[in-house]
Amino acid sequence: MRDRVLFVSSFPLLLAIACEGPPPVVQETIPPKAVTGRPVAAFNLSRGVALHGYDPVSYWPEGGALPRKGDERRAVDYGGAIYLFADDDNLATFRQDPAKYEPAHGGWCSWAMKDQSRVDVDPETYLLRDGRLFLFYNAGGTDTRAMWLEREHAPQVRQADAAWARFDG
């Protein structure tokens, strides 16, 4: 009986893994201009894809200032993380300065990173400040972006940056 319960309870997980499919086919690889100091294993990736598949340029004014899902036909490997782009213009913009568009703290929740915790994010809950993209958890009535905004920005960034610097994957 125990084996059947295990099988039945494991089936949805196995189905979810099987349906996720392979990672996108990378169209090009852009070598990092500078070492970020963190191995890609420390980043918040799903199937190797950063930002839950959102286009990193779309967050910024030059990309429309509205987060949009990227297209797997426009997949670029930058520093071991795959980024997807909604259109060719955003891809071209990324090519010019890819480091600018990398999310802070490896794409993990910046609020949680202050405590050296890797917490997944809602890719549509974000903050652009001081030339950086900060992402936050927002589910179940907890909006860490709102919590972040209640405090002074710079000390939180220093704390989250210091915690992120300690991750080794």
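**Figure 1. A42, in the loop between β1 and β2.** This is a predicted model, where local features need pLDDT of at least 70 and side-chain atom pairs count only at pLDDT 80 or more, while totals for chains, interfaces and linings use all residues. Residues are numbered from 1 along each chain as its sequence is written, and side-chain values use heavy atoms, with hydrogens and water left out. A42 has a relative accessible area of 0%, so it goes down as buried (buried is under 20% relative accessible area, exposed over 50%, partly exposed in between, with a 1.4 Å probe and protein chains only). Look for W164 too: A42 and W164 are 122 residues apart along the chain, yet their C-alpha atoms are separated by 9.1 Å.

**Figure 2. The whole chain, for orientation.** There are six helices and nine strands here. Of the 169 residues in the chain, 40% are buried. Take the contacts between residues at least 6 apart in sequence, and 62% of them join residues at least 24 apart (contact means heavy atoms within 4.5 Å).

**Figure 3. The one cavity of 30 Å³ or more.** Rolling a probe the size of a water molecule over the atoms shows where empty space is left. Here a cavity is a set of points, on a 1 Å grid over the protein atoms alone, where a 1.4 Å probe fits but cannot get out, and lining residues have an atom within 4 Å of a point. Grid points are joined across faces, edges and corners, and the volume is the space filled by probe spheres set on the points. The largest cavity holds about 60 Å³ of space. Its lining includes F43, N44, L45, H52, Y83 and V121. Sorted by class, that lining comes to eight nonpolar, four polar and no charged residues (Ala, Val, Leu, Ile, Met, Phe, Trp, Tyr, Cys and Pro count as nonpolar, Asp, Glu, Lys and Arg as charged, and the others, Gly among them, as polar).

**Figure 4. H52, one of the lining residues of the largest cavity.** H52 sits in the loop between β3 (49-50) and β4 (71-78). Its relative accessibility is 30%, so H52 counts as partly exposed. Beyond its neighbours within four places in sequence, H52 is in contact with N44, K69, D120, V121 and P123. Of these, V121 is 69 residues from H52 in sequence, with 8.8 Å between the two C-alpha atoms.

**Figure 5. S110, in helix α4.** With 0% relative accessibility, S110 counts as buried. Skipping residues up to four places away in sequence, S110 touches A104, H105, F134, L135, F136, W148 and A160. V121 lies eleven residues along the chain from S110, and their C-alpha atoms are 9.0 Å apart.

**Figure 6. Positive phi at R47 and H105.** Most residues other than glycine have a negative phi. R47 is not a glycine, but has a positive phi of about 60°. You'll find R47 in the loop between β2 (45-46) and β3, where it is partly exposed at 27% relative accessibility. H105 has a positive phi near 55° and belongs to the loop between α3 (98-101) and α4. H105 is buried, its relative accessible area being 2%.

**Figure 7. Helix α6, residues 153-165.** From first C-alpha to last, the 13 residues of α6 reach 18 Å, close to the 18 Å expected at 1.5 Å a residue (the expected span is 1.5 Å times one less than the number of residues). Buried in α6 are H153, Q156, V157, A160, A163 and W164. Seen down the axis of α6, these buried residues fall within an arc of 130°, so they line one face of the helix (the arc is that of the directions from the helix axis to the C-beta atoms). Their cover includes α4 (110-113), β6 (122-129), β7 (132-136) and α5 (144-149).

**Figure 8. Helix α2, residues 88-96.** The buried residues of α2 are N90, L91, T93 and F94. They span an arc of only 160° around the axis, which puts them on the same side of α2. They pack against β1 (28-30), β4, β5 (81-85) and α3. D89 and Q96 are exposed, on the face of α2 turned away from its buried side.

Notes
1 Å grid on protein atoms, 1.4 Å probe; cavity = no way out; pocket = protein on both sides within 12 Å on 5 of 7 lines; lining within 4 Å. Helix = DSSP H or I, 4+ residues; strand = E, 2+ residues; numbered from the N terminus.
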